[in-house]
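I opened my notebook to follow one protein model from its outline down to single side chains. Come along and look things up with me.

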Amino acid sequence: LKDRGKNRKRARRAGVFYEPVNRLAVFERDRWICQVCGRRTLKAKLGKVHPLAPELDHRVPFALGGAHSWANCQCACRSCNQAKGGHTVVG
C-alpha cells in the first residue's frame, strides 16, 4: 500500500523534507492505536471510509512545516485525522 508518490509531491510543494515512509510499518510501530485519541483502529477498514479506519497522520502538518518522515508520521483513526485537519494536536 504505497502512496504512489502523493506525499512526495505534497512535501515538494510545501518545501519540506521527505523520506520514504511505509504506512503499514508505522501502523505496526504504533500497534494500530490512534495516537490522538488512543482507540484501536480497525485493520479490516484500512483504505475504507470508516471512523476507525487507520490513516497515516503527520504530527506536524506540511502546512506548518512538518516533514514526511518516520518521526513525524503516526497512526490515527479517520475521525481524529479529519478533525485534526491542518493543525498540530498536543496530547
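I began with a term: helices (H or I, at least four residues) and strands (E, at least two) are DSSP runs, numbered from the N terminus. With that in hand, I found Phe27 in helix α2, residues 23–29.

Two notes on the source before going further. This is a predicted model, in which local features need pLDDT of at least 70 and side-chain atom pairs count only at pLDDT 80 or more, while totals for chains, interfaces and linings use all residues. Residues are numbered from 1 along each chain as its sequence is written, and side-chain values use heavy atoms, with hydrogens and water left out.

**Entry 1: the outline**

I looked up the elements and got 3 helices and 2 strands in the protein chain. Read from the N terminus on, they run α-α-β-β-α.

Next I checked the overall size. The C-alpha atoms fill a box of roughly 35 × 25 × 20 Å along the principal axes. The radius of gyration (taken over C-alpha atoms; the globule rule is 2.2 Å times the number of residues to the power 0.38) is 12 Å, which agrees with the value near 12 Å for a compact globule of 91 residues.

How much of the chain is buried? I use buried for under 20% relative accessible area, exposed for over 50% and partly exposed for in between (1.4 Å probe, protein chains only). By that rule, 36% of the 91 residues count as buried.

I also looked at contacts, meaning heavy atoms within 4.5 Å. Of the contacts with a separation of 6 or more, 57% are between residues 24 or more positions apart.

**Entry 2: Phe27 and its neighbours**

Back to Phe27. Its relative accessibility is 0%, so Phe27 counts as buried. Beyond its neighbours within four places in sequence, Phe27 is in contact with Trp32, Leu46, Pro54, Glu55, Leu56 and Cys75. Leu56 is 29 residues away along the chain, yet the two C-alpha atoms are separated by 7.9 Å.

I then searched the whole structure for aromatic pairs and found 1. It is Phe27 with Trp32, a tilted pair with 5.2 Å centre to centre and 50 degrees between the planes. The rule I used: rings of Phe, Tyr and Trp (its six-membered ring) pair if their centres lie within 6.5 Å, and planes under 30 degrees apart count as stacked, over 60 as edge-to-face and the rest as tilted.

**Entry 3: two residues in a loop**

Trp32 sits in the loop between α2 and β1, and Arg31 is found in that loop too. Most residues other than glycine have a negative phi. Arg31, however, has a positive phi of about 60 degrees, and phi of Trp32 is near 60 degrees, also positive.

Are they buried or exposed? Arg31 is exposed at 56% relative accessible area, whereas Trp32 is buried at 8%.

**Entry 4: the strands**

I moved on to the strands. β1 (residues 54–58) and β2 run antiparallel, with 5 bridges joining them; for strands to pair, DSSP must find at least two bridges between them. One pairing I traced is His58, whose bridge partner in β2 is Cys73.

Why is β2 (residues 73–77) largely enclosed by the rest of the structure? Because 5 of its 5 residues are buried. Both faces are covered, with Cys73, Cys75 and Cys77 buried on one side and Gln74 and Ala76 on the other.

**Entry 5: salt bridges**

I counted a salt bridge wherever a side-chain nitrogen of Lys or Arg lies within 4 Å of a carboxyl oxygen of Asp or Glu. The count comes to 3.

- Arg29 meets Asp30 at 3.0 Å, N to O. Arg29 is partly exposed at 40%, and Asp30 is buried at 9%.
- Glu55 pairs with Arg78, the closest N and O atoms being 2.7 Å apart. Glu55 lies in strand β1 and Arg78 in helix α3 (residues 78–84), so this pair ties together parts 23 residues apart in sequence.
- Lys84 meets Asp57 at 3.0 Å, N to O. Lys84 lies in α3 and Asp57 in β1, so the pair ties together parts 27 residues apart in sequence. Both Lys84 and Asp57 are buried.
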